[in-house]
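This report covers a two-part topic: how the chains meet, and how each is built. The structure comes first.

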Amino acid sequence: MPNNFLLDTNILVALVRGKLFGKAIQKHFNLQPVLSRCLISVVTVGEMEKSARDFAWNTA
Amino acid sequence: MTVTVEEAQNYLPALLEQMNAGEQIVITRHERPIAMLIASPSSEFWDATSHTEELQSSPRICVMGTLLKVKDQAFSFKLKDGSEVEGLLVQGDPSEFAKLFGQGVVLYGKAVFLPTGRILRLEADDFRTATPNDEFFGRLPKSTVVPTNLEEIGRHNLLRLENVIGKWPGDETDEQVAEALRRLS
């Protein structure tokens, strides 16, 4: 199993939502010990910012 | 040849001609050398340096050293600090290059660095006999490659993923999130 992961947006979303799918990913890839080293691309950063605006999180 | 700043300002075109003819021109202020006119490398040198991506991965260099070993196009090059670098003549006549064995040489070309920042090899595409004034070029430039050490980044990363897992800030349903992801793709 690799030590470093580049997380795509849907995987990041699943992890942050913390539901069954996210927990299954965490367990399957044994992500817990390497969470601080996981990478995301700038595209994912952009997609998360767009989603945050669409969900109007900043207006709460 | 030594000229003052004022003379350099007044006679620059003539000085450039003399420089192209092989004259070394040192510019002085208050009788102290402050600058030197050096003939430019070939136009290919500057064309290549305009490619930013190439510059980042394998920067153009001009470096002086001693040619220690030459075999066909491969060579060893001793730098001013005593370190040795392997190199490859990628352009030019290897037999002319070999004549400079044991001599001070100025190389133009690329420095190929490892991801760790260490020099891997030189790729020379132009060369000339060094002069004492070329001491300035006695050191290799440092690698522009920033070593990636995820362990180190992880240690200092305050925005840790484990701190946000399970902490989705909104109240969106799975269907709404899935639809948002679909719109993004």
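How many residues does the contact take from chain A and from chain B? It takes 18 residues from chain A and 18 residues from chain B. Residues are in contact here if their C-beta atoms, placed from the backbone, lie within 7 Å.

This is a predicted model, in which local features need pLDDT of at least 70, side-chain atom pairs count only at pLDDT 80 or more, and totals for chains, interfaces and linings use all residues. Residues are numbered from 1 along each chain as its sequence is written, while chains are lettered from A and ligands numbered from 1 in the order in which they are written.

**The interface**

On the side of chain A that touches chain B, α1 and α3 (42-54) of chain A are the elements that give two or more residues. Helix α1(A) gives the most, with six residues. By class, this side has seven nonpolar, six polar and five charged residues. Ala, Val, Leu, Ile, Met, Phe, Trp, Tyr, Cys and Pro count as nonpolar, Asp, Glu, Lys and Arg as charged, and the others, Gly among them, as polar. Helices (H or I, at least four residues) and strands (E, at least two) are DSSP runs, numbered from the N terminus.

Helix α1 (residues 9-17) of chain A meets helix α7 (residues 174-184) of chain B. Their axes come within 11 Å and cross at roughly 160°. Axes are lines fitted to C-alpha atoms, for helices over the stretch in contact, and angles run from 0 to 180 degrees between N-to-C directions. The two helices are therefore roughly antiparallel. For such labels, angles under 35 degrees count as roughly parallel, over 145 as roughly antiparallel, 65 to 115 as roughly perpendicular and the rest as oblique. The crossing of α1(A) and α7(B) is right-handed; that is, the near helix is turned clockwise from the far one by less than a right angle. A:Thr9, A:Asn10 and A:Val13 supply the α1(A) side, against B:Val177, B:Leu181 and B:Leu184 in α7(B). Four of these contact residues are nonpolar, two polar and none charged.

**Chain A**

Chain A has three helices and two strands. Along the sequence they follow the pattern β-α-α-β-α. Of its 60 residues, 18% count as buried. A residue is buried if 20 or more other C-beta atoms lie within 10 Å of its own, exposed if 12 or fewer, and partly exposed in between.

Helix α1(A) also packs on helix α2 (residues 20-28) of chain A, at an angle of about 105° and with axes 7 Å apart. That makes the pair roughly perpendicular. Here A:Ile11, A:Ala14, A:Leu15 and A:Arg17 in α1(A) meet A:Phe21, A:Gly22, A:Ile25 and A:Gln26 in α2(A). The contact divides into five nonpolar, two polar and one charged residue.

**Chain B**

Chain B has seven helices and eight strands. Of its 185 residues, 16% count as buried. Among its contacts between residues at least 6 apart in sequence, 54% join residues at least 24 apart.

Five strands close into a barrel in the order β4-β5-β6-β8-β7, with mixed pairing. Neighbouring strands are turned by 55° against each other on average, direction ignored. A second sheet, β1-β2-β3, is open and also mixed. Its edges are β1 (2-4) and β3 (32-37), each with a single partner strand, so one side of each is left without a neighbour in the sheet. The twist averages 35° from one strand to the next. Helix α2 (residues 12-20) of chain B packs on this sheet, touching β1, β2 and β3, and its direction makes about 140° with that of β2(B).

Strands pair if DSSP finds at least two bridges between them.

| Strands | Sense | Bridges | Partner residues |
|---|---|---|---|
| β7(B) and β8(B) | antiparallel | nine | B:Ala111 and B:Leu122 |
| β2(B) and β3(B) | antiparallel | five | B:Ile27 and B:Ala35 |

**A loop glycine**

Where is B:Gly92 found? B:Gly92 is in the loop between β6 (84-89) and α5 (94-98) of chain B. It is partly exposed, with 15 other C-beta atoms within 10 Å. Not counting residues up to four places away in sequence, B:Gly92 touches B:Phe97, B:Asp125, B:Asp126 and B:Phe127. The C-alpha atoms of B:Gly92 and B:Asp125 are separated by 6.2 Å, although the residues are 33 apart along the chain.

Definitions and conventions:
Contact = placed C-beta atoms within 7 Å.
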